[in-house]
Amino acid sequence: MSSKILQEAVETLRSGELIGLPTETVYGLACDATNGVAVAKIYQRKQRPSFNPLIIHVSDIAMAQEYGTFSSAALKLADHYWPGPVTMVVPGKGKVSELVSAGLETIGIRMPNHQVARHIIKDLGRPIAAPSANVSGFLSPTAADHVKQSFPDLLVLDGGPTDVGLESTIVDMSTAQPAILRAGVITEEQVEAVLGPLAAAAEGIKAPGQLLRHYATNLPLRMDADVPQKGEAFLGFGDGPATQNLSQSGDLLEAAANLFKMLHILDDSDKYAGIAVARIPDTGVGVAINDRLRRASERE
Ligand code: TXA
Ligand code: MG
């Protein structure tokens with residue numbers, strides 16, 4: 001990526017406008033988190049409900065601690081998984097636009113493991129608020145083209161397809177016993193290996209965004225399918241015939257990286273009446289994949 005376009009992106013952010021930003025998980029619709037007008041533009045362009053808070057992205061741990069209060073446990077988790085696909089909900093310090101946290105006392109913070117994202121944040125010198133760069137409720141973007149489809153006029157930094165392909169694991173570190181609020185490729189077992197036992201998911205306060213209908217495909221989606229029915233595309237997993245295959249070898253990390261990309265391909269094609277998805281084991285990263293599929297399969 002040329003330094004000219006990186007510079008243009010930072011100037012766009014400084015002027016209070018939005019950009020499309022690659023991270024290792026999914027592309028973000030990004031703005032300067034300290035600029036309230038810019039944050040308001042995110043809610044407006046995403047058609048995001050105003051009660052659903054945004055997460056901020058930092059370039060280093062010093063910046064994280066400027067904006068949130070990190071317990072020793074939170075610092076330990078950061079030590080293990082930052083930079084990387086983990087967001088921590090911690091007590092906020094009131095230094096970003098109030099709109100970011102949607103009125104909550106806590107703030108979601110993450111340090112992305114992506115050179116472009118980190119460079120931009122460092123250069124801006126402030127955290128970036130960035131939800132996934134899709135219209136609220138629809139599939140998350142894992143390529144620059146997905147972002148351009150939703151926001152044609154946006155400056156999108158093209159970092160190629162994302163490595164992880166699923167949004168970050170969200171861990172609530174603001175309560176006595178931490179809890180997972182959103183499953184991701186860093187699994188519950190991996191978080192427990194660092195923090196000890198977590199609060200049961202059902203007892204934890206959910207991330208507000210998790211309550212909503214989400215990841216909606218235009219086509220109806222059916223999970224745990226053995227074979228496609230007439231007219232359905234088949235999204236496979238493991239050996240065997242499929243329209244698209246999440247992972248021929250049955251590798252869950254590969255499947256996570258391919259999930260949104262392949263759903264976009266099948267959903268954008270006009271050949272099918274629906275999408276049938278093979279059974280995905282509900283262990284490890286499979287938990288996060290099934291979470292996204294379950295909510296994509298729900299119809300209003
Ligand atoms: O991987 C990711 O996390 C991507 C990339 C762009 O970094 N971002 C992302 O943002 O997925 P978004 O806005 O689509 O999802 C953030 C989730 C929402 O479900 C929101 O409700 C939750 O985080 N959240 C944010 N702040 C919170 C808080 N203070 N307490 C509880 N949940 C929070
Ligand atoms: Mg999202």
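Arg292 and Glu167 pair through their side chains in a salt bridge, 2.8 Å from N to O. Arg292 sits in helix α10 (residues 286-297) and Glu167 in the loop between β7 (155-156) and β8 (169-172), so the contact ties together parts that are 125 residues apart in sequence. Both Arg292 and Glu167 are buried. Salt bridges with shared partners join Glu167, Asp291, Arg292 and Arg295 into one network.

This is a predicted model: local features need pLDDT of at least 70, side-chain atom pairs count only at pLDDT 80 or more, and totals for chains, interfaces and linings use all residues. Residues are numbered from 1 along each chain as its sequence is written, and side-chain values use heavy atoms, without hydrogens or water.

A salt bridge here is a side-chain nitrogen of Lys or Arg within 4 Å of a carboxyl oxygen of Asp or Glu. Helices (H or I, at least four residues) and strands (E, at least two) are DSSP runs, numbered from the N terminus. Buried means under 20% relative accessible area, exposed over 50%, and partly exposed in between (1.4 Å probe, protein chains only).

The whole structure holds nine salt bridges. Three of them are tabulated.

| Pair | N to O distance |
|---|---|
| Arg292 and Glu167 | 2.8 Å |
| Glu24 and Arg110 | 3.0 Å |
| Arg126 and Asp32 | 2.9 Å |

Glu24 and Arg110 form a salt bridge. Glu24 lies in the loop between β1 (19-21) and β2 (28-32), and Arg110 in strand β5 (residues 106-110), so this pair links parts 86 residues apart in sequence. Both residues, Glu24 and Arg110, are buried.

Arg126 bridges to Asp32. Arg126 is in the loop between α6 (115-124) and β6 (128-129) and Asp32 is in strand β2, so the pair ties together parts 94 residues apart in sequence. Arg126 is partly exposed at 28% relative accessibility. Asp32 is buried, at 3% relative accessible area.

How values were computed: Chains are lettered from A and ligands numbered from 1 in the order in which they are written.
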